[in-house]
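Student: I have just opened this structure. Could we go through it together?

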Amino acid sequence: MGAAMVGKLAAALLAAALLAPASALAVEADGYDVQVSSDSEAAYIDGASFAVDDFSRAQKGAVREAEGLGEVYSYYQGASDDAAIALAFGDRVIAYVPPSAHALCDVQDETSCEQLKAYFCALDARAVNGGVVLSADAAWEFTSEREVRLDGALISFGVQIGEGKRYVCISPADGVRPTHADMVRVVLPDAVDRAPEATGLAAVGSFLAGIDLSPLWVTLKTTGAAIVLIFALGLAAAYFTLRMPERAQGVFDTIFTIPMVLPPTVCGFILLWCLGRNTAVGQWFIDIGFPLIFSWPATVIAATVVAFPLMYRSCRGAFENLDANMLDAARTLGWSEARIFFRLMIPLSWSSIAAATVLAFARALGEFGATLFLAGNYAGITRTIPIAIYFEWMGGNTEAAWFWTGVILAFSFVVILIVNLLGRRTTRYRRPGSVAGGGAPVVPRPGSSEAEGSPAR
C-alpha cells in the first residue's frame, strides 16, 4: 500500500507538471484581460496600441561601483537603454519608460500607463516563484527621467558600468532597496506572436518536445560513475581503517567522515580550492589539457566526496559487528585476508552494504551545492537534475521545474525499490524457516575438502 501511494504521488506530480502548460494564459490585471505568451516573456491586450516582450524579473541586485555615483545597489538593465522598468518598493512602484518607447507608450497618457501597469502585473504574477508580488494597488509613479529621488535615495536608469552594460542604480547602496525589478520591451502589437496556445494532449506533446533532457543524461552518468567509486572506496576505506593502529584509525575516520557534517557548499569550496589553478594538482591537470573544475568529471568528484561518508560509516559499522572469533577461525584454517574479506565479511554484511549503497546513491543523485560550486551550471555538461530544478525555478519556468521534480522522485523510488528487493533476496537465509543455501557464508570444518582447498564432493 505504501509503494502504491508513493507511485500515485509521483504520477500526480508528473501530471501536474505536464498539464501546466495547457492552462489558460489570460490574466486579469487592473481591469484588463492580458494575454500572456506560453513562455511568459510577452503579453498583449486586444485593442491596445502596444504590447510588451522580453520580460525578465531580477529578484536580487548587486553592489557595484559606478562612476560619479560611488557604491550603488544595481540591477542589470541590458546593453541598451530601451527597456521599461518597474522597481517595487513595497507599497510603491517606480515605473520607468525610456524615451525610445514614447511613440507607443507615453507616460503623460493615463491609458498607456494603466496598460503598462497591467502588463507588468500579469507577467510578474507568472514569474513570482514565491517572492513578492507586484501589486496594481500600490502607488505607481511613471517617469521618463533618468534620475528619480525616493526617500533620500537616488534612482538612476541606464547607467553605463563597464563596456556595453547598463544598470539601474540606487544610491547610496545601503539605503532604500527595491524588493525586485521587472523589465520589458515595449513593441508594436503585431510583433507579439498571437498563435493560440495548445491544450490537452497537444500541450503535453509540445512541452515534452521542447524540454531539454540533457540534465537527465548528465545525472545518470554522474551518479552511475560516482556510485561505482563510492562502493569501491567505501568498502576499501572501511576495511583498512579497521586494520590500522587505534590512533591512526581515529585520524583517518575523522577525515573520511567530515564531508558528511560539512555544508555541501563548504565541500565544494574546498574542492575548488584544492583542484583549481592555485594548486600543483589543479595546474597539472590544466597543463595536460584536462582541467577538473567546471567539467563533467567535477560533477563526479563532488558527488563522490559528499556521498562517500554514508557508504564508509555504514560499512565500517557492519564490519565491526562481525564475530571476531569466526574470522579468527577462518585464519586458523589457512584462509587469506582477501578470501576472508570476499567470502565472509562482505556476504555477512551485505544487507548493511546494500543499505549504504542506496543511501549513497540517493545522496549522489540529489547533490547540488558542491556540484554547483565545483562544476558550475553548463547545460549538457554539468547541469544535473537538482541544478536544473533550481535554475528553472529561478528563471520562472515552473512547469520544467515540476517536470524534473517528478522525474527525480519517480526515478529515485524505482531505483531504491529495486535495490531493496535485491538486498532482501540476498538475506533470505536470515529469516526463520529459510534454507541456509541462500548464500549464507559457512566456515569449513577442519579437515574438510574446502578447508584443504580442494572441491567438495
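Predicted model: local features only at pLDDT ≥ 70, side-chain atom pairs only at ≥ 80, totals over all residues.

Student: Which residues of the largest nonpolar core touch the most other members?

Tutor: They are Leu235, Met311, Phe319, Met345 and Trp404, in a core of 42 residues. A nonpolar core is a set of buried Ala, Val, Leu, Ile, Met, Phe, Trp, Tyr and Cys residues joined through side-chain atoms within 4.5 Å. Buried means under 20% relative accessible area, exposed over 50%, and partly exposed in between (1.4 Å probe, protein chains only).

Student: Which helices supply at least two residues each of this core?

Tutor: Among them are helix H4 (214–242), helix H8 (296–320) and helix H14 (398–426). Helices are DSSP runs of H or I with at least four residues, strands are runs of E with at least two, and both are numbered from the N terminus.

Student: And what does methionine 311 contact?

Tutor: Leaving aside neighbours within four places in sequence, its contacts include Ile230, Phe231, Leu235 and Ile353. Contact means heavy atoms within 4.5 Å.

Student: New topic: is serine 214 buried or exposed?

Tutor: Serine 214, in helix H4, is buried, because its relative accessible area is 15%. Its side chain makes a polar contact of 2.9 Å with the side chain of aspartate 212. A polar contact is a pair of N or O atoms within 3.5 Å; within protein, one must be able to donate a hydrogen and the other to accept it, and residues adjacent in sequence count only if both atoms are side-chain atoms.

Student: Where is arginine 166 found?

Tutor: Arginine 166 is in strand S12 (residues 166–171). It is partly exposed, at 24% relative accessible area. Its side chain reaches the backbone oxygen of glycine 158 at 2.7 Å.

Student: How far apart are arginine 166 and tyrosine 76?

Tutor: They are 90 residues apart in sequence and 6.3 Å apart in space, C-alpha to C-alpha. Tyr76 is also one of the contacts of arginine 166.

Student: Finally, where is valine 266 placed?

Tutor: Valine 266 lies in helix H6 and is partly exposed, with a relative accessible area of 31%.

Technical notes
Residues numbered from 1 in each chain as written. Heavy atoms only, no water.
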